[in-house]
Amino acid sequence: MIKAEWFYWLVGLSFLVMAAQMVTDRSNPKRLGTGTFWGLIGAGFIYSSWVVTKQAPAEPLGAAVLVMACLAGFGFTGRGTPRTTTPAQRTASAAKLGNRLFVPALTIPAVAMACAIGVKHLSFGGEPVLQEGSETILGLGIGAVVALVVAMIMLREKRISVPVQSGRSMLEAMGWAMLLPQMLATLGAIFQVSGVGNQVGKLTTSVLPEGSLYIAIVVYCVGMFAFTVIMGNGFAAFPVMTAAVGWPVLIGHFDGNPAAVLAIGMLAGFCGTLVTPMAANFNIVPAALLELKDQYGPIKAQLPTAGILLGCNILIMALFAF
């Protein structure tokens with residue numbers, strides 16, 4: 001059986017190798033902080049396996065997160081100059097390959113779909129080939145490995161150090177912002193467990209006029225929007241606002257269609273994703289990778305769309321969810 005943990009270990013090992021490269025890169029004035037940051041992430045991917053099975057305490061992971069937050073927050077991470085091809089060489093290679101450059105990228109979803117639909121039904125010696133319940137994540141991991149092999153064959157590259165150096169360059173370009181979505185999603189779960197949603201619900205129901213369905217719809221959708229802006233992730237805002245307004249008020253009190261209310265509420269939250277720097281993977285990382293002069297350029301461009309879509313979601317919920 002191919003287990004999902006194997007790919008988490010592979011990811012962790014990749015981070016550790018890149019962290020070792022960062023520590024030894026003297027072109028980066030903050031090489032020790034940078035290497036420590038990504039090394040802790042790599043170690044966390046591997047160590048977490050024993051935390052999940054209750055064979056190791058979770059406290060070291062929490063300490064690692066705090067250390068990473070300090071390293072990033074106090075500016076101890078930086079960017080070096082990895083040994084890779086020049087911009088001119090990459091431009092010439094891209095012109096030569098043309099649309100074939102998309103083949104490795106398209107390989108990943110193709111393999112992932114094949115694993116999720118076809119390979120999941122295969123077994124060997126009475127055991128499933130892929131770990132049950134993890135077919136999709138395994139397909140993504142296998143697809144990434146296959147795509148790497150395809151890319152190296154296409155480019156006639158025999159040295160594994162080349163893609164590792166390129167991956168390290170991308171990690172340093174994205175920086176700490178790459179981890180923000182995962183951290184914020186965890187924060188949403190913590191808020192829910194600690195009862196933040198219930199307290200927001202009590203506050204909301206105390207000020208909502210009795211029987212005001214449309215005001216409740218606006219509060220839920222705008223609340224999803226606002227909490228997503230604050231937390232940077234619609235999935236983090238969802239448990240808070242759904243526990244506060246979505247379930248007890250719109251579904252419980254006004255008999256709304258649960259699927260419609262919750263789906264449209266999530267879409268309202270995604271409108272907030274368009275306008276917040278906290279959604280780093282959508283708004284800050286692309287600006288960094290494209291080296292835009294205005295790091296908030298994507299947010300400014302998306303503001304009108306976000307406002308229009310939020311209004312549309314409120315209208316759709318009012319018309320079709322009740």
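Helix 10 passes helix 12 in a right-handed crossing. In this predicted model, the two helices, helix 10 and helix 12, pack with their axes 7 Å apart and at an angle of about 40°, which makes helix 10 oblique to helix 12. On the side of helix 10, the residues that take part in the meeting are Tyr 220, Cys 221, Met 224, Phe 225, Thr 228 and Val 229, and the residues of helix 12 that they meet include Val 261, Leu 262, Gly 265, Met 266 and Ala 268.

Helix 10 itself has 19 residues and spans 26 Å from its first C-alpha to its last, a reach close to the 27 Å expected at 1.5 Å a residue.

The largest nonpolar core has 33 residues, of which Tyr 220, Leu 250, Val 261 and Met 317 touch the most other members. At least two residues of this core are supplied by each of helix 10 (213-231), helix 11 (234-253), helix 12 (258-273) and helix 14 (297-320). With residues up to four places away in sequence not counted, Met 317 touches Ile 217, Tyr 220, Cys 221, Leu 250, Val 261, Ile 264, Gly 265 and Phe 322. In soluble globular proteins, nonpolar side chains tend to be buried together.

Asn 313 lies in helix 14 and is buried, with a relative accessible area of 8%. When residues up to four places away in sequence are left out, Asn 313 touches Ile 264, Leu 267, Ala 268 and Cys 271.

At the level of the whole chain, the protein has 14 helices and 2 strands, and its C-alpha atoms fill a box of roughly 70 × 55 × 45 Å, taken along the principal axes. Of the 322 residues in the protein, 37% are buried. Among contacts between residues at least 6 apart in sequence, 71% join residues at least 24 apart.

Key. Residues are numbered from 1 along each chain as its sequence is written. This is a predicted model: local features need pLDDT of at least 70, side-chain atom pairs count only at pLDDT 80 or more; totals for chains, interfaces and linings use all residues. Side-chain values use heavy atoms; hydrogens and water are left out. A nonpolar core is a set of buried Ala, Val, Leu, Ile, Met, Phe, Trp, Tyr and Cys residues joined through side-chain atoms within 4.5 Å. Buried means under 20% relative accessible area, exposed over 50%, partly exposed in between (1.4 Å probe, protein chains only). Helices (H or I, at least four residues) and strands (E, at least two) are DSSP runs, numbered from the N terminus. Contact means heavy atoms within 4.5 Å. The expected span of a helix is 1.5 Å times one less than its number of residues. Axes are lines fitted to C-alpha atoms, for helices over the stretch in contact, and angles run from 0 to 180 degrees between N-to-C directions. Angles under 35 degrees count as roughly parallel, over 145 as roughly antiparallel, 65 to 115 as roughly perpendicular and the rest as oblique. A crossing is left-handed if the near helix is turned anticlockwise from the far one by less than a right angle, and right-handed if clockwise.
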